[in-house]
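Okay, I've got a structure to walk you through today. Let me put it up, and then we'll go from the inside of the chain out to its surface.

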Amino acid sequence: MDEKMATHTHRVLMNNRQNGSFSGIVDVLSFDVSEILLETEQGMLLIKGKDLHVNRLSLEKGEVDVAGKIDSLSYSDVSNAHKGESLLGRIFR
């Protein structure tokens, strides 16, 4: 991992389950209107909801802003993905 990215602190700020600001983001792996999959400093983060939109993305700063109805935030460790099953396979089972 790049040293510059490793210095970002992972933080989650959410307002009324409609707007979320996330820092410590390494990459956005996928997104659509019902799910957003982020790689963070603390592992993989799956955001589920309705009418989700990525309003702002700055990978240089490690920040993402999300809008929509947020139903759940779910973390999984990246290290578990290396035990024979793909990362996406483990997250979406």
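So, of the 93 residues in the chain, 32% are buried, where buried means under 20% relative accessible area, exposed means over 50%, and partly exposed is in between, with a 1.4 Å probe and protein chains only. Before I go on, the ground rules: this is a predicted model, so local features need pLDDT of at least 70, side-chain atom pairs count only at pLDDT 80 or more, and totals for chains, interfaces and linings use all residues. Residues are numbered from 1 along each chain as its sequence is written, and side-chain values use heavy atoms, with hydrogens and water left out.

Now the layout. There are 2 helices and 6 strands, and from the N terminus the order is α-β-β-β-β-β-β-α. Those are DSSP runs numbered from the N terminus: helices are H or I with at least four residues, strands are E with at least two.

Contact here means heavy atoms within 4.5 Å.

Okay, the core. The largest nonpolar core has 11 residues, including Phe-22, Ile-36, Ile-47, Leu-52 and Val-66. By nonpolar core I mean buried Ala, Val, Leu, Ile, Met, Phe, Trp, Tyr and Cys residues joined through side-chain atoms within 4.5 Å. Strands β3 (25-31), β4 (35-40), β5 and β6 each supply at least two residues of this core. As background, nonpolar side chains in soluble globular proteins tend to be buried together.

What does Val-66 touch, if we skip residues up to four places away in sequence? The list is Gln-18, Asn-19, Gly-20, Phe-22, Ile-36, Ile-47, Leu-52 and His-53.

Gly-43 is another one to click on. It sits in strand β5, which covers residues 43-58, and counts as buried because its relative accessibility is 4%.

Together with Val-12, Met-14 and Leu-73, Tyr-75 makes a nonpolar patch of about 300 Å². Patches are built from residues with over 30% relative accessible area and no salt bridge, joining like charges within 9 Å and nonpolar side chains (Val, Leu, Ile, Met, Phe, Trp, Tyr) within 5 Å. β1 (11-15) and β6 (63-76) each give at least two residues to the patch. Val-12, in strand β1, is partly exposed at 32%.

Last stop, charges. The whole structure has 6 salt bridges, each being a side-chain nitrogen of Lys or Arg within 4 Å of a carboxyl oxygen of Asp or Glu. Keep an eye on Asp-71, which is partly exposed at 36% relative accessibility. Arg-17 pairs with Asp-71 at 3.1 Å between the closest N and O atoms. That links distant parts of the chain, 54 residues apart: Arg-17 is in the loop between β1 and β2 (19-23), and Asp-71 is in strand β6. Lys-50 also bridges to Asp-71, at 3.7 Å from N to O. Lys-50 is in strand β5 and Asp-71 in strand β6, so this pair ties together parts 21 residues apart in sequence. Then there's Lys-69 with Asp-71, at 2.6 Å. Through shared partners, Arg-17, Lys-50, Lys-69 and Asp-71 end up in one network.

Technical notes
Areas by Shrake-Rupley, 256 points an atom, 1.4 Å probe, with all protein chains shown as cover.
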